[in-house]
Amino acid sequence: MMQIKVAKDPLAVASMTVDFLVGAGEKALKRKEGKGTYNLALPTGSTPIETYRELIERHNQGRISDDFIARMRTWNLDEYLPDPGREVWPHHEQSHRTFMERHFFRFLPFAPGANRILDPAAADLGEECRGYEQSIAVQGGLDLALVGIGTNGHVAFNEPRADADSHTGVVHLAPTTVSDNAEKFFKGDLNAVPKQALSMGLGTILSARKVILIATGHAKAVAVGASVLGPVTGWCPASLFQNHADCTYVLDTEAASLLIKRAAGPDGRLAPGTSLLRSEAGFSHSLIC
Ligand code: PGA
C-alpha cells in the first residue's frame with residue numbers, strides 16, 4: 001500500500017521522515033528481539049540533507065540513543081564511477097562517500113564498518129556489486145529504504161527505462177540527471193559529472209520491507225505526479241513503488257502540487273486532512289499541512 005504525507009516545507013518533511021525512520025527502526029529491532037540490526041538503504045542528494053541534520057540534532061538532544069545508532073547498518077543507494085583518466089574516487093569532494101561523511105556519518109556513533117558504500121575503485125566491479133547484495137542478505141535484508149526521486153522519476157541511479165527486478169550494477173546516467181547534478185553539485189559543469197555510476201538495483205530497493213520516498217520543491221512535482229498517478233512502468237522508475245506493500249511518500253506542498261491541484265476544490269484550496277486521491281483503491285493519502 002502507498003501512503004502520501006504532505007508537510008508544509010522541507011524542514012517539516014525532514015522531521016516527519018525522521019519520525020518514520022526512527023519508528024520503523026524501533027519496530028524492526030523489537031521484532032528481532034534485541035539481537036539484530038536496523039538495516040537501511042540511504043540516499044545522497046540535496047533532499048536528504050535536512051533529514052540527516054534532523055537525525056543528528058535529535059541524537060545530540062538525547063532523543064535518539066547511542067544504542068539505536070550503534071545498531072544501524074547502512075548501505076548507500078549509489079556512487080559515481082569516475083570517467084577514465086579523471087581524479088581518483090571515492091575520495092573526490094563530490095563522491096557519495098564524501099557526501100555521507102560530510103553530512104551524516106562523522107556526527108554519529110556508528111559501529112565500525114556499519115556504513116557501506118559501493119566502491120568505484122574496486123578491481124572487479126561485478127564482484128563489488130555482488131558482494132554488496134550479499135552483505136545486505138547476510139544481515140537479514142533491508143528494513144527500510146529511504147530514497148529520493150529524480151526530476152525524470154529515477155530512483156537511486158536507476159534511470160528510465162529501468163527493470164523492476166534489476167540487481168546492483170553499473171548504470172549510465174541520463175542527460176537530465178547529469179544536468180541536474182551539474183547544477184547542484186558541480187558548479188554547472190556538465191563535463192565534471194561522471195556519466196556512469198554503481199547503483200543499487202530496483203529489485204534490491206523494492207525488496208526493502210518499507211520504503212520512504214522524500215521529495216521537496218516544484219522541480220519534483222511532475223515526477224511525483226507521474227509516479228503516483230501514472231502507469232506502473234520502468235519509464236518512471238518511482239512508479240514501481242505503487243506495487244510495494246509498504247511505501248510512504250513524504251512531500252512538501254511544492255513537490256505535491258500536482259496531486260493537490262487534482263484533489264482541490266474549484267477555489268484551489270484543500271482542507272487539512274483531505275484525501276489526495278479519494279477514489280483510488282489501495283491508496284491511503286492524507287494531507288498534514
Ligand atoms: P536531489 O536528488 O535530492 O538532489 O533532488 C534526488 C535524486 O536524484 O534521486
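Student: Cys247: buried or exposed?
Tutor: Cys247 counts as buried because its relative accessibility is 0%. Buried means under 20% relative accessible area, exposed means over 50%, and partly exposed lies in between, with a 1.4 Å probe and protein chains only.

Student: What kind of model is this, and how are residues numbered?
Tutor: The model is predicted: local features need pLDDT of at least 70, side-chain atom pairs count only at pLDDT 80 or more, and totals for chains, interfaces and linings use all residues. Residues are numbered from 1 along each chain as its sequence is written, and side-chain values use heavy atoms, leaving out hydrogens and water.

Student: How many disulfides are there?
Tutor: The count is zero. A disulfide here is a pair of cysteine sulfur atoms within 2.5 Å.

Student: In which sense do strands 1 and 10 pair, parallel or antiparallel?
Tutor: Parallel, over six bridges, with strand 10 covering residues 247-252. Two strands pair if DSSP finds at least two bridges between them.

Student: How many residues of strand 1 are buried?
Tutor: Six of six, across residues 2-7. Both faces are covered: Met2, Ile4 and Val6 lie on one side, and Gln3, Lys5 and Ala7 on the other.

Student: New topic: aromatics. How many pairs?
Tutor: Seven. Rings of Phe, Tyr and Trp (its six-membered ring) pair if their centres lie within 6.5 Å; planes under 30 degrees apart are stacked, over 60 edge-to-face, and the rest tilted. One of the pairs is Phe104 with Phe105, tilted at 40° with centres 5.9 Å apart. Phe105 also pairs with Phe110, edge-to-face at 85° and 5.7 Å centre to centre.

Student: Which residues make up the cluster?
Tutor: Ring pairs link Tyr52, Phe104, Phe105 and Phe110. Phe104 and Phe105 are buried, and Phe110 is buried too.

Student: What about cavities: how many of 30 Å³ or more?
Tutor: One. On a 1 Å grid over the protein atoms alone, a cavity is a set of points where a 1.4 Å probe fits but cannot get out; a pocket is an open set with protein on both sides within 12 Å along at least five of seven lines; lining residues have an atom within 4 Å of a point.

Student: What volume does the largest cavity have?
Tutor: About 390 Å³. Points are joined across faces, edges and corners, and a volume is the space filled by probe spheres set on the points.

Student: Which residues are closest to its centre?
Tutor: Thr44, Gly45, Ser46, His154 and Asn181, out of 27 lining residues. Helix 6 gives the largest share of the lining, five residues.

Student: And the largest pocket: what volume?
Tutor: About 170 Å³. Ala24, Lys27, Arg31, Lys210 and Asp246 are the closest to its centre among 13 lining residues. Helix 1, residues 10-31, gives the most, with seven.

Methods. Helices (H or I, at least four residues) and strands (E, at least two) are DSSP runs, numbered from the N terminus.
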